Amino acid sequence: MIEKKLTIKQQAFAGNYVELGNATEAYLKAYPNVKKEATARANGSRLLTYANVSDYIANRMEELKSERVANQQEVLEYLTSVMRGEQREEVLRGIGEGAQTIDDIDVSAKDRIKAAEMLGKRYAMWTDKQQIDGVQQVVIHNDLDD
């Protein structure tokens, strides 16, 4: 299947749609000569039905999602660094007469324990219940007399 390329205006529309989430506004930004909102609403809606435009939008949204959402490895690494005391946090400290300063301090023991607890739960370190999966053959032996 040959993939149809987007025109410059369609690409502008799709980019604006990803940013704004509104087809009418995206169309008005991409096609500034269009002044009527009803025209922009109809044409923006029509553009969203084009396979190449909707595919472009879906791919771009997936890219943005990937950039913004931490994956499992990233979360585990962060929790590990907190647990090990490698992270610092900012706190406000009063320096007199209503003035304050921002200081970096080590993460509290409470936060380090919480990170360790979350990692322990992830690796099921504190569960008494064990889940054992397997396949077993069932044999029924009839030893009853008729």
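Rings of Phe, Tyr and Trp, the last taken by its six-membered ring, are said to pair if their centres lie within 6.5 Å, with planes under 30 degrees apart counted as stacked and planes over 60 degrees apart as edge-to-face. In this predicted model, Phe 13, Tyr 17, Tyr 27 and Tyr 31 form one aromatic cluster, and by the rule just given the count of aromatic pairs comes to three. One of these pairs joins Phe 13 to Tyr 27, whose ring centres are 6.3 Å apart and whose planes make an angle of 65°, so the arrangement is edge-to-face. Because Phe 13 belongs to helix α1 (residues 8-20) and Tyr 27 to helix α2 (residues 23-30), this pair ties together parts that are 14 residues apart in sequence.

Both partners of that pair are shielded: Phe 13 is buried, with a relative accessible area of 0%, and Tyr 27 also counts as buried, at 7% relative accessibility. Tyr 27 forms a further aromatic pair with Tyr 31, and here the rings are stacked, with 4.2 Å from centre to centre and 20° between the planes. Tyr 31, like Tyr 27, is buried.

If its neighbours within four places in sequence are left aside, Asn 52 is in contact with Lys 4, Lys 5, Leu 6 and Gln 10.

The strands come next. Strand β1 (residues 88-96) and strand β2 (residues 99-106) run antiparallel and are joined by eight bridges, and within this pairing Arg 88 stands opposite Asp 106 in β2. The hairpin that β1 and β2 make has two residues between the strands, and in it Glu 97 takes a positive phi near 50°.

Gly 94, which lies in strand β1, has a relative accessibility of 62%, and because exposed means over 50%, Gly 94 counts as exposed. With its neighbours within four places in sequence left aside, Gly 94 is in contact with Ala 99 and Gln 100. Gln 73, by comparison, is 21 residues from Gly 94 in sequence, and the two are 38 Å apart in space, C-alpha to C-alpha.

Technical notes
Residues are numbered from 1 along each chain as its sequence is written. This is a predicted model: local features need pLDDT of at least 70, side-chain atom pairs count only at pLDDT 80 or more; totals for chains, interfaces and linings use all residues. Side-chain values use heavy atoms; hydrogens and water are left out. Contact means heavy atoms within 4.5 Å. Two strands pair if DSSP finds at least two bridges between them. Helices (H or I, at least four residues) and strands (E, at least two) are DSSP runs, numbered from the N terminus. Buried means under 20% relative accessible area, exposed over 50%, partly exposed in between (1.4 Å probe, protein chains only).
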